[in-house]
Amino acid sequence: MSAAGLPPGQRELDHFPRFGLLPFAARFPRQPGHVQLRICGDVRAEIELDAAQLASLPRVEQCSDFHCVTSWSRRGLRWGGVRLRDAYARLIQPLAGPAPDACQVILHGQDGGRCSLPLADLLADDVLLADQLEGQPLTLDHGAPLRLVAPAHYGYKSVKHLCRLEFRRDLSGYRPSAYRFMEHPRARVALQERGQWLPGWLLRLLYRPLIPYTIARFARASARYHGSTKP
């Protein structure tokens, strides 16, 4: 941790902006009010989990920090939802039956976003399928109707508008949302795993100047979208 109590290379923001890859600024979920999580890939049977099934799991609230790969952080966010570990043990494993060696998971969002994480990382105690932030239902800006929250990993692994978990034995043929050098297989914050092939400190320096422009671009796109969808 740095002197400010943040992971290496991070700086704290006093707000939590909508943020991401620039092509996603004007992309929004197809069904923003509909929770449906498809389980597919190397499984015995493809299934779809709905809101009622997820509601049958124990609900948890956790306070955790969010660390964007571009070097900004927002501390102390209060998330609500269910542990992915519980969903896996109580619903996914018995109903879908992922192959025993399906050790990778590709996470898909309704907006076309995708990333991957090892299943072992997703089963950590603090990884949530979240539907609330600060005691309120998720907004579109922050991933409604359902998103992943994986605090030990950079924010791009916490896929917004989550709609599909694809279990895979390996990642052959997988294409991330970003250029390959921008996605690390694990993206652990404590180890500065910001991407591949380039050191974390260098990527941080390349990303940092883009932060204000990206925040403004996403804010403008949100304002246009919300303006166009008003009744």
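**Exercises on strands, rings and backbone**

Pro145 lies in the loop between β9 (136–137) and β10 (147–149), where strands (E, at least two residues) and helices (H or I, at least four) are DSSP runs numbered from the N terminus. The model you see is predicted, so local features need pLDDT of at least 70 and side-chain atom pairs pLDDT 80 or more, while totals for chains, interfaces and linings use all residues. Residues are numbered from 1 along each chain as its sequence is written, and side-chain values use heavy atoms, without hydrogens and water.

**Exercise 1. Find the peptide bond into Pro145 and state whether it is cis or trans.**

Step 1. Look at the bond from Ala144 to Pro145: its omega is near 5°, and the bond is cis.

Step 2. For context, most peptide bonds are trans, and most residues other than glycine have a negative phi.

Step 3. Now try phi elsewhere. Glu134, not a glycine, has a positive phi of about 55°, and its place is in the loop between β8 (128–133) and β9. With a relative accessibility of 37%, Glu134 counts as partly exposed (buried is under 20% relative accessible area, exposed over 50%, partly exposed in between; 1.4 Å probe, protein chains only).

Step 4. Gln192 also has a positive phi of about 55° without being a glycine; look for Gln192 in the loop between β11 and α4.

**Exercise 2. Work out the strand order of the open five-stranded sheet.**

Step 1. Pair the strands (DSSP must find at least two bridges between them). The order is β3-β2-β11-β6-β7, and the pairing is mixed.

Step 2. Name the edges: β3 (47–50) and β7 (114–118) each pair on one side only.

Step 3. Neighbouring strands are turned by 20° against each other on average, direction ignored (axes are lines fitted to C-alpha atoms, for helices over the stretch in contact, and angles run from 0 to 180 degrees between N-to-C directions).

Step 4. Follow β11. Strands β2 and β11 run parallel, joined by four bridges; here Ile39 has Leu165 as its bridge partner. Strand β6 (residues 104–109) pairs with β11 (residues 162–168) in the antiparallel sense over six bridges. There Gln104 stands opposite Arg168, and Gly109 has Leu162 as its partner.

Step 5. Is β11 enclosed or open? Six of its seven residues are buried, so β11 is largely enclosed by the rest of the structure. Helix α2 (residues 84–96) lies across β2, β3 and β11, at about 140° to β3.

**Exercise 3. Classify the ring pair of Phe16 and Trp79.**

Step 1. Apply the rule: rings of Phe, Tyr and Trp (its six-membered ring) pair if their centres lie within 6.5 Å; planes under 30 degrees apart are stacked, over 60 edge-to-face, the rest tilted. The count comes to eight aromatic pairs.

Step 2. Take the values for Phe16 and Trp79: the centres are 6.2 Å apart and the planes stand at 85°, so the pair is edge-to-face.

Step 3. Place the residues. Phe16 lies in the loop between β1 (11–12) and β2 (36–41) and Trp79 in strand β5 (residues 72–83), so the pair ties together parts that are 63 residues apart in sequence.

Step 4. Both Phe16 and Trp79 are buried. Ring pairs link Phe16, Phe19, Phe66, Trp72 and Trp79 into a cluster.

Key: Contact means heavy atoms within 4.5 Å.
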